[in-house]
Amino acid sequence: MDPRNVGSVFRLADATGARVVLAGTTPLPPNTKINKTARSTVASVDYRVEHDAVSYLRARKRAGAFVLALEWTDNSESLLQYTPPTSVSAGRQPVILIPGSEKSGVAQALLGEVDAAVHLPMYGRNTSLNVAMATGVATYWLVARLGG
């Protein structure tokens with residue numbers, strides 16, 4: 001992920017009250033490009049670095065989290081048509097949103113841990129949005145579903 005996209009995700013997390021988990025090859029703070037885009041939010045957003053994303057997801061699922069991939073797969077549903085489980089919409093179950101990398105999507109090992117996958121329908125010629133923009137769309141959709 002480009003550091004500027006990471007910075008945008010920090011700003012999104014600040015705006016929505018979300019937490020950020022950085023894993024894989026994601027650039028990490030401190031980073032001048034992240035800081036420039038994030039503005040001051042790296043200092044105020046709750047974030048953590050996980051070196052083993054699969055173990056992290058498994059632990060969070062055991063603790064009751066719902067894992068949602070933002071990725072076009074054979075089994076993904078349009079975000080516009082998707083209905084989350086009642087436990088999610090009622091705010092009783094925490095949600096972990098995994099956005100796919102612009103180059104390679106969500107890693108297969110992570111897809112094996114998700115409870116569901118959603119994608120953004122594309123009506124133009126392009127097949128995807130910038131990862132930060134797509135994450136913003138999905139995050140605000142979750143906020144709306146959770147009574148935000």
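**Exercise 1. State which residues Ala-13 contacts beyond its neighbours in sequence, and describe its setting**.

Solution. Step 1: apart from neighbours within four places in sequence, Ala-13 is in contact (heavy atoms within 4.5 Å) with Ala-18, Val-20 and Val-45.
Step 1: Ala-13 belongs to helix α1; helices (H or I, at least four residues) and strands (E, at least two) are DSSP runs, numbered from the N terminus.
Step 2: the relative accessible area of Ala-13 is 5%. The residue is therefore buried, a term that means under 20% relative accessible area, with exposed over 50% and partly exposed in between (1.4 Å probe, protein chains only).
Step 3: Asn-130 is 117 residues away from Ala-13 along the chain, and their C-alpha atoms are separated by 17 Å.

Two remarks on the source apply throughout. The model is predicted, so local features need pLDDT of at least 70 and side-chain atom pairs count only at pLDDT 80 or more, while totals for chains, interfaces and linings use all residues. Residues are numbered from 1 along each chain as its sequence is written, and side-chain values use heavy atoms, with hydrogens and water left out.

**Exercise 2. Determine how many helices and strands the protein chain has, and in which pattern they follow one another**.

Solution. Step 1: the count gives 7 helices and 6 strands.
Step 1: along the sequence, these elements follow the pattern α-β-α-α-β-α-β-β-α-β-α-β-α.

**Exercise 3. Give the strand order of the open sheet and identify what packs on the sheet**.

Solution. Step 1: the open sheet has 4 strands in the order β4-β6-β3-β5, with parallel pairing; two strands pair if DSSP finds at least two bridges between them.
Step 1: β4 (77-78) and β5 (95-99) are the edge strands, each pairing on one side only.
Step 2: strand β3 (residues 66-70) runs parallel to β5 and is joined to β5 by 5 bridges. Leu-68 stands opposite Leu-97 in β5.
Step 3: helix α4 (residues 53-62) packs on the sheet and touches β3 and β5, its direction making about 155 degrees with that of β5. Axes are lines fitted to C-alpha atoms, for helices over the stretch in contact, and angles run from 0 to 180 degrees between N-to-C directions.
Step 4: helix α7 (residues 131-145) also packs on the sheet, touching β3 and β5, at about 160 degrees to the direction of β5.

**Exercise 4. Compare the span of α7 with the expected value, and describe its buried residues**.

Solution. Step 1: α7 has 15 residues and reaches 21 Å from first to last C-alpha, close to the 21 Å expected; the expected span is 1.5 Å times one less than the number of residues.
Step 1: the buried residues of α7 include Val-131, Gly-136 and Trp-141.
Step 2: among the elements that cover the buried residues of α7 are α1 (3-16), β3 and β5.
Step 3: Trp-141 has a relative accessible area of 12% and is therefore buried. Not counting residues up to four places away in sequence, Trp-141 touches Leu-68, Leu-79, Tyr-82 and Pro-84.

**Exercise 5. Decide whether the radius of gyration agrees or disagrees with that of a compact globule**.

Solution. Step 1: for 148 residues, a compact globule would have a radius of gyration near 15 Å. The radius is taken over C-alpha atoms, and the globule rule is 2.2 Å times the number of residues to the power 0.38.
Step 1: the protein chain has 15 Å, so the value agrees.
Step 2: buried residues make up 41% of the 148 residues.
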